[in-house]
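Me: Please look at the model below. I would like to go through the terms used for it and see what each one rests on.

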Amino acid sequence: MNCTEVASRLQLFIDEELIFQDMESIRKHLQVCPDCEKRFQTEKLFKQTLKDKIMKRNIESHVVDGVKDFIHNSSN
Ligand SMILES: [Zn+2]
């Protein structure tokens, strides 16, 4: 697999949605290609950060709902 092929499958690789052979090919390519390895790390970090933000927002909105309930209940 060359760099272009790896780059086009990187998202799927991170999500582990490729067939086993493709996962292995990319894994092997990343070990010998610093450019793709770097791109992979960047993409992975970006995805992780995004996930953290979404989770954090879910928690915050949950807290807000809790406060709203509290205000609602205490006004009755
Ligand atoms: Zn490469």
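**Terms and their grounds**

Reply: This is a predicted model. Along the sequence the protein reads α-α-α, with 3 helices and 0 strands.

Me: Why is the protein called more spread out than a compact globule?

Reply: The globule rule gives 11 Å for 76 residues, and the radius of gyration is 21 Å, well over that value, so the protein is more spread out than a compact globule. The C-alpha atoms fill a box of roughly 65 × 25 × 15 Å along the principal axes.

Me: What share of the residues in the protein is buried?

Reply: Buried residues are 7% of the 76. To count as buried, a residue needs 20 or more other C-beta atoms within 10 Å of its own.

Me: Why are α1 and α3 called roughly parallel?

Reply: Helix α1 spans residues 3-14 and helix α3 spans residues 34-74; they pack at about 25 degrees. Angles under 35 degrees count as roughly parallel, and α1 and α3 therefore get that description. Their axes lie 10 Å apart, and the crossing is right-handed.

Me: Which residues of α1 and α3 meet?

Reply: From α1 they are C3, V6, A7, L10, Q11 and I14; from α3 they are D35, C36, R39, F40, E43, K44 and K47.

Me: How many nonpolar, polar and charged residues does the contact of α1 with α3 have?

Reply: The contact has 7 nonpolar, 1 polar and 5 charged residues. Cys counts as nonpolar, and C3 of α1 and C36 of α3 are among the residues that meet.

How values were computed
Residues are numbered from 1 along each chain as its sequence is written. This is a predicted model: local features need pLDDT of at least 70, side-chain atom pairs count only at pLDDT 80 or more; totals for chains, interfaces and linings use all residues. Helices (H or I, at least four residues) and strands (E, at least two) are DSSP runs, numbered from the N terminus. The radius of gyration is taken over C-alpha atoms; the globule rule is 2.2 Å times the number of residues to the power 0.38. A residue is buried if 20 or more other C-beta atoms lie within 10 Å of its own, exposed if 12 or fewer, and partly exposed in between; C-beta atoms are placed from the backbone. Axes are lines fitted to C-alpha atoms, for helices over the stretch in contact, and angles run from 0 to 180 degrees between N-to-C directions. Angles under 35 degrees count as roughly parallel, over 145 as roughly antiparallel, 65 to 115 as roughly perpendicular and the rest as oblique. A crossing is left-handed if the near helix is turned anticlockwise from the far one by less than a right angle, and right-handed if clockwise. Two residues are in contact if their C-beta atoms, placed from the backbone, lie within 7 Å.
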